[in-house]
Amino acid sequence: RVYMLKMGDHHSSQCFHRGSRSRSSLFAKVSLIINAALLLGGLYVISGKSTENLSLPARTQIHGQVGVSPALVSSRCSRTSFRDLSANARKRTVDVLLKESIEGTGKKGEITAVKPGFWRNYLLPQGLATQPTAEYLEELRLEEERKLADAKAKKDAAIKLRDGLQLLSFTIRMKAQEDGTLYGGVRPADIVEAVKSQTGTELDPKTVELPSNMDKLDTYTVFVNLHPEVKASFPVSIQKGK
């Protein structure tokens with residue numbers, strides 16, 4: 001009995017030690033799994049923070065690897081960039097009303113966009129442009145109406161003079177040879193003098209157009225540009241005299 005008791009005790013001791021070793025092995029495996037999970041979690045957090053500091057192409061590539069659509073990331077970035085560019089573009093120009101025509105910028109009376117520095121440092125100090133206020137726009141409108149009225153009055157006067165000149169004929173006496181060839185050519189000033197002596201109206205010699213063959217005793221048609229839109233014509237007789 002004593003022997004069997006000892007044998008029983010020895011067997012119980014072996015079972016106890018075997019159970020302890022099994023539990024220790026289980027604990028070790030669980031601990032290893034937990035440590036591996038914590039390590040993977042730490043690596044994921046570190047990689048996520050690093051991604052935020054990368055350039056746009058790198059971030060797009062990493063998002064693609066973890067399952068985020070690169071097209072979605074690109075479209076969001078594009079929309080953000082477009083809004084930023086639009087805001088910056090509005091800040092880079094200012095609308096001004098030109099008081100004078102400026103080559104490469106615009107014509108007088110136009111509202112155009114210019115760079116703020118060009119407006120502050122050149123247009124404003126030189127008095128070449130102003131802010132498009134309602135008061136200045138009204139002043140500009142009145143000035144334009146005055147110009148149109150003046151232009152119409154000048155054109156009407158030119159038409160009236162044209163109608164009067166075309167009812168007349170003028171005579172100029174010059175020295176000529178026996179065959180009728182003039183010793184000297186007819187000048188625009190000769191036409192101006194003939195018109196003034198007969199009508200009292202003084203023309204600008206620069207507006208007189210003479211025929212190219214006006215070198216003999218004959219009657220010619222002379223043209224005078226009285227206005228950019230009005231041209232008069234009348235006969236001039238060259239006769240021998242002086």
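Two strands are taken to pair if DSSP finds at least two bridges between them. In the predicted model, β6 and β7 form a hairpin with two residues between them. The two strands run antiparallel and are joined by eight bridges; one of the residue pairs involved is Val222 with its bridge partner Phe234 in β7. Strand β6, residues 219-227, also pairs with strand β5, residues 208-209, in the antiparallel sense, here over two bridges. Within this pairing, Glu209 has Phe223 of β6 as its bridge partner.

Strand β7 spans residues 230-240 and includes Ser237. With a relative accessible area of 16%, Ser237 is classed as buried, because the cut-off for that class is under 20%. The side chain of Ser237 makes a polar contact of 3.4 Å with the side chain of Gln239. When neighbours within four places in sequence are left aside, Ser237 is in contact with Phe170, Thr171, Ile172, Asp218 and Thr219.

At the level of the whole protein, six helices and seven strands are present, and the elements follow the order α-α-α-β-β-α-β-α-β-α-β-β-β from the N terminus on. The protein has 242 residues, of which 19% are buried. Its accessible surface comes to about 17900 Å², and carbon and sulfur atoms contribute 57% of this area. Among contacts with a separation of 6 or more, 44% are between residues 24 or more positions apart.

How values were computed: Residues are numbered from 1 along each chain as its sequence is written. This is a predicted model: local features need pLDDT of at least 70, side-chain atom pairs count only at pLDDT 80 or more; totals for chains, interfaces and linings use all residues. Side-chain values use heavy atoms; hydrogens and water are left out. Helices (H or I, at least four residues) and strands (E, at least two) are DSSP runs, numbered from the N terminus. Buried means under 20% relative accessible area, exposed over 50%, partly exposed in between (1.4 Å probe, protein chains only). A polar contact is a pair of N or O atoms within 3.5 Å; within protein, one must be able to donate a hydrogen and the other to accept it, and residues adjacent in sequence count only if both atoms are side-chain atoms. Contact means heavy atoms within 4.5 Å. Accessible areas come from the Shrake-Rupley method with a 1.4 Å probe; for residues, only the protein chains shown count as cover.
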